[in-house]
Every structure is written in C-alpha cells, then in structure tokens.
Amino acid sequence: MATARLFLLLLLLSASCSAWEISIRMPTADRLEAEVVAPLIHALRPLLGSGGQLAARAGVACDSWRLGVEAHNVINWKTVPAKCEGYVGHYLLGGHYRRDSAVVVDEAIAYAETLQLAGNGKEVWIFDIDETSLSNLPYYAKHGFGVTPYNDTSFREYVAEGSAPALPETRRLYRRLLEIGVKPVFLTGRTEDQRAVTVANLRKQGYSGWEKLLLKPAVHGAAGGLHAPAVAYKSGQRQKLKDSGFIIVGNIGDQWSDILGEPEGARTFKLPDPLYYIG
C-alpha cells in the first residue's frame, strides 16, 4: 500500500507543471500558513526501516532514525533506509518540515534582532545554498527521497536548470538581516562552473544584495561530489573572511558540516535535512 501511494504521488509530481505550486504546495508567502498539507500527504507514520549500516539494528523506527540524524548521532550514512522512503516523503511534503524550519528561523531572527552592529558594514551571516537557501525537493521527490544513491551527473543536470525554489523560511531570515544591516554571504559546495546558473536561480527566487558568493573550484566527481568532505573547506573559507576583517555574526545550514569547524560564527543554526549526509 505504501509503495502504491508513493507511486501515485510521484506520478502527480511528474505531471504537474510546477511541483512546488501544485503537488508539493509550498506557499509563496514568507510566513508559514496554518494549513499547507497537500491532500495526498498523510500523517507521519513511524515505519520500521533498516538498510546499510542499520542492517545490524533492524527495527529502528524511521522517526527515531530521523532524530538521530538531526542530532548528529547517526553519521556517515549514504542513503535513507529503504523502508523510510515514504516516511521521509511525508515529512518533507507535508507541513512538518516547514514547521521545523520555521522554528529554526524564528530563533535566528530573534537572535539577529539583538545584535549591536558596529555600523562599518563588516558583520556578515553565512548561508549555505542547497537545502538551506534553495530547496532541491523537486529533484529528490523524483529520486526516492534520498533512498537512491546520489548521482552527481543527474543532480548537476538538475542544478543547471536553475529551477530550485527558495525555502521560504530562510528567505525570510535573509530579508530581515538585510533590513537590520547584516550582509549575507553564500558559502556553498557548488562549484565555480555553476556560478552563473546559481546567481540566476538565487535572484529568481528573491535573493539579492549579498556580499559574496563563495563556491568550490570547478572540479567534481570523486573529489568534488555531494559526499566530499566539507568541514575543512567551509571552515577555511570562513577563516579567510575573518582574516579580511569580516565578523561572522551568524551561520545557517542544513548539514552539520556547514556549521562545524572554527571559526563557526558567533551563533549557528541547523535546518532539518533527512535527505542526505555531507561529512
């Protein structure tokens, strides 16, 4: 039954002209609406799932697995457990993911509004891009919600379309920071050959006025794919910003590797992401 429901959902996603507007129903308003659940999205079910390193611990409930992921207790995992595909899909496509994201952003804004700025334009806030500023859920909804192993070629083809929608909660934080006078800096695992499409995608989704867009050198594959180590790269880029006189007042990302490694920033914020792991 779960497989049949998921298949029907994927058919609807493929048939829609805009996955976000019709099937996924991500509101365009900056604030979370009271009712955002699409008709086909049911309440979360703690299905039992096992796979990969979880095989020896068969019977781990999917909601407990997701908690372990978000708490950084479950690490170095390659794919979502096969039997948790439906659970992760319901979490992301229903209202729960948006509500969890709103809690993070509400805290970030409350913190930002307490900042005493020097007025020299040197205070910056670090933003990751994928699953933070832009969401790739339309791609992952067609690729098993993280159950299918990452494919660098197909994902880069999707990025090249420049169609990733904004995560509205993050965009709300971004705009509030600009009002306060904090300058956003994008720090992403995307590569330099993706700069033009990334800039266009960000602008199309309502992001503008950033201080910097920092990307990796234009290499990918085994050395630069999705699962390449990121802590050293991102912490190194933050150190360069600090050495240039910038003050990192905040840092937000969906991966622990976005916010670990000195200098992390005065305060860090972790958005939910049960789709993939980057160490």
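**Exercise 1. Count the secondary structure elements and describe the chain as a whole.**

Solution. The predicted model has 11 helices and five strands in its chain. Next, take burial: of the 279 residues, 52% are buried. Then take the surface, where the chain exposes about 12500 Å², with 56% of this area supplied by carbon and sulfur atoms. Last, consider contacts between residues at least 6 apart in sequence: 73% of them join residues at least 24 apart.

**Exercise 2. Decide how far helix α4 is enclosed, and list its buried residues.**

Solution. Helix α4 spans residues 85–93. A residue counts as buried under 20% relative accessible area. The residues of α4 that are buried are Glu-85, Tyr-87, Val-88, Gly-89, His-90, Tyr-91, Leu-92 and Leu-93. That is eight of nine residues, so α4 is largely enclosed by the rest of the structure.

**Exercise 3. Describe the packing of helix α5 with helix α8.**

Solution. Two packed helices are described by the angle between their axes and the distance between the axes. For α5 (residues 95–112) and α8 (residues 168–180), the angle is about 10 degrees and the axes lie 9 Å apart. Angles under 35 degrees count as roughly parallel; α5 and α8 are therefore roughly parallel to each other.

Now identify the residues in contact. From α5 come Arg-98, Ser-101, Ala-102, Val-105, Asp-106, Ala-108, Ile-109 and Ala-112. They meet Pro-168, Glu-169, Thr-170, Arg-172, Leu-173, Arg-176, Leu-177 and Ile-180 of α8. Sorted by type, the residues of this contact are nine nonpolar, two polar and five charged.

Note on methods:
Residues are numbered from 1 along each chain as its sequence is written. This is a predicted model: local features need pLDDT of at least 70, side-chain atom pairs count only at pLDDT 80 or more; totals for chains, interfaces and linings use all residues. Side-chain values use heavy atoms; hydrogens and water are left out. Axes are lines fitted to C-alpha atoms, for helices over the stretch in contact, and angles run from 0 to 180 degrees between N-to-C directions. Helices (H or I, at least four residues) and strands (E, at least two) are DSSP runs, numbered from the N terminus. Angles under 35 degrees count as roughly parallel, over 145 as roughly antiparallel, 65 to 115 as roughly perpendicular and the rest as oblique. Contact means heavy atoms within 4.5 Å. Ala, Val, Leu, Ile, Met, Phe, Trp, Tyr, Cys and Pro count as nonpolar, Asp, Glu, Lys and Arg as charged, and the others, Gly among them, as polar. Buried means under 20% relative accessible area, exposed over 50%, partly exposed in between (1.4 Å probe, protein chains only). Accessible areas come from the Shrake-Rupley method with a 1.4 Å probe; for residues, only the protein chains shown count as cover.
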